[in-house]
Amino acid sequence: MAVTDLGQRQSALEAELAGLDALDLAAAPRQARWRRVWSVTWPKLAALAIGLLAWQVVVWSGWRPTYVLPGPMDVGRRLLSEVGKGETWQAVGTTLRRAGFGFGLALVIGTLLGVVVSRSRPLRVALGSLITGLQTMPSIAWFPLAILLFKLSERAILFVVVVGAAPSIANGLISGIDNIPPLLLRAGRVLGARGVAAYRHVILPAALPSFVAGLKQGWAFAWRSLMAGELLVIIANKPSLGARLQFEREFADSAGLLAFMVIVLVIGIVVDAFGFAALERRLRRRRGLEPA
């Protein structure tokens, strides 16, 4: 009953604070939907156009022959050709399944590790620097050990993905909990939030912005580790983006190599734009830091 009352009081308090914060925000003029979409889209299109132009200028300079560094048009045609193939989508599906499962496992491990370490001073002293050291360790350095432990298998790739992502997630949560105002914790205790209820209603919501930043960084480490793993650990009858990159390199097919690099880049951009960036915007709006 106390936990229910605490949740209701917290919701009411958040609503009141959001209303007060909204008074400090200048009311943005209402725009048509297409204008809002265009205002967000045109900077990205401009950056893309500048990048493609710079790429084409380098090709025109003759710095490398076109069979080594093809132009954007050649790579674009190859990309359209690959997108129309079922094998390419099968490779994308394999890579995304590995990324999702590995990141999900890293999320569970990193969250539990962050909660335990942040609330225990002896563990903080013992493991704090170790977690940071693991975060800064290059993912490629883990693969000799992973292959030794798990051979050339899915588990070797999963091991490196989890080891690469979990420390970033744990550090994000630890940083968020460390920066919670003590007054907020005391207020939660006064309202009866202790133990699991304190984490659910006070600590984790207050640490959420830093936690999301840790999730974003953890995903970046997981994605990079996965690409490195798929380049080194190629499993028969399981096409993946990393394996396709390796095959295109072995056959000296520069257009195909760059086309698959573009696919990897686009997936990273889409996950950030529709996943983490959207979650960060929602958090800012709930806290009155950004107009709805």
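Author: Lys151 is found in the loop between helix H6 (143–150) and helix H7 (154–178), where a helix is a DSSP run of H or I with at least four residues, a strand a run of E with at least two, both numbered from the N terminus. The model is predicted, so local features need pLDDT of at least 70 and side-chain atom pairs pLDDT 80 or more, while totals for chains, interfaces and linings use all residues. Residues are numbered from 1 along each chain as its sequence is written, and side-chain values use heavy atoms, leaving out hydrogens and water.

Reader: Is Lys151 buried or exposed, and how do you know that?
Author: The relative accessible area of Lys151 is 58%, and with a 1.4 Å probe and protein chains only, buried means under 20%, exposed over 50% and partly exposed in between. Lys151 is therefore exposed.

Reader: What is the phi of Lys151?
Author: The phi of Lys151 is positive, at about 60°, although Lys151 is not a glycine.

Reader: Where is Ser139, and which label, buried or exposed, does it receive?
Author: Ser139 sits in the loop between helix H5 (121–136) and H6, and its relative accessible area of 18% makes Ser139 buried. When residues up to four places away in sequence are not counted, Ser139 touches Val160, Ser225 and Ala228, a contact meaning heavy atoms within 4.5 Å.

Reader: Is Leu152 buried or exposed, and which residues is Leu152 in contact with?
Author: Leu152, found in the loop between H6 and H7, has a relative accessible area of 54% and is therefore exposed. Leaving aside neighbours within four places in sequence, Leu152 is in contact with Ile147, Leu232, Val233 and Ile235. The C-alpha atoms of Leu152 and Ile235 are separated by 7.2 Å, although these residues stand 83 apart along the chain.

Reader: Why are H9 and H10 called oblique to each other?
Author: The axes of helix H9 (residues 196–232) and helix H10 (residues 241–250) come within 7 Å and cross at roughly 55°, where axes are lines fitted to C-alpha atoms, for helices over the stretch in contact, and angles run from 0 to 180 degrees between N-to-C directions. Angles under 35 degrees count as roughly parallel, over 145 as roughly antiparallel, 65 to 115 as roughly perpendicular and the rest as oblique. H9 and H10 are therefore oblique to each other. In this pair, Met227, Glu230 and Leu231 of H9 meet Leu241, Gly242, Ala243, Leu245 and Gln246 of H10.

Reader: At what angle do H4 and H5 pack, and what is that arrangement called?
Author: Helix H4 (residues 86–118) and H5 pack at an angle of about 140°, with axes 9 Å apart, and this makes H4 oblique to H5. Leu113, Val116, Val117 and Ser118 of H4 make the contact with Leu123, Arg124, Leu127 and Ile131 of H5.

Reader: How many helices and strands does the protein have, and what share of its residues counts as buried?
Author: The secondary structure of the protein comes to 11 helices and zero strands, and 35% of the 292 residues count as buried. Among contacts between residues at least 6 apart in sequence, 72% join residues at least 24 apart.
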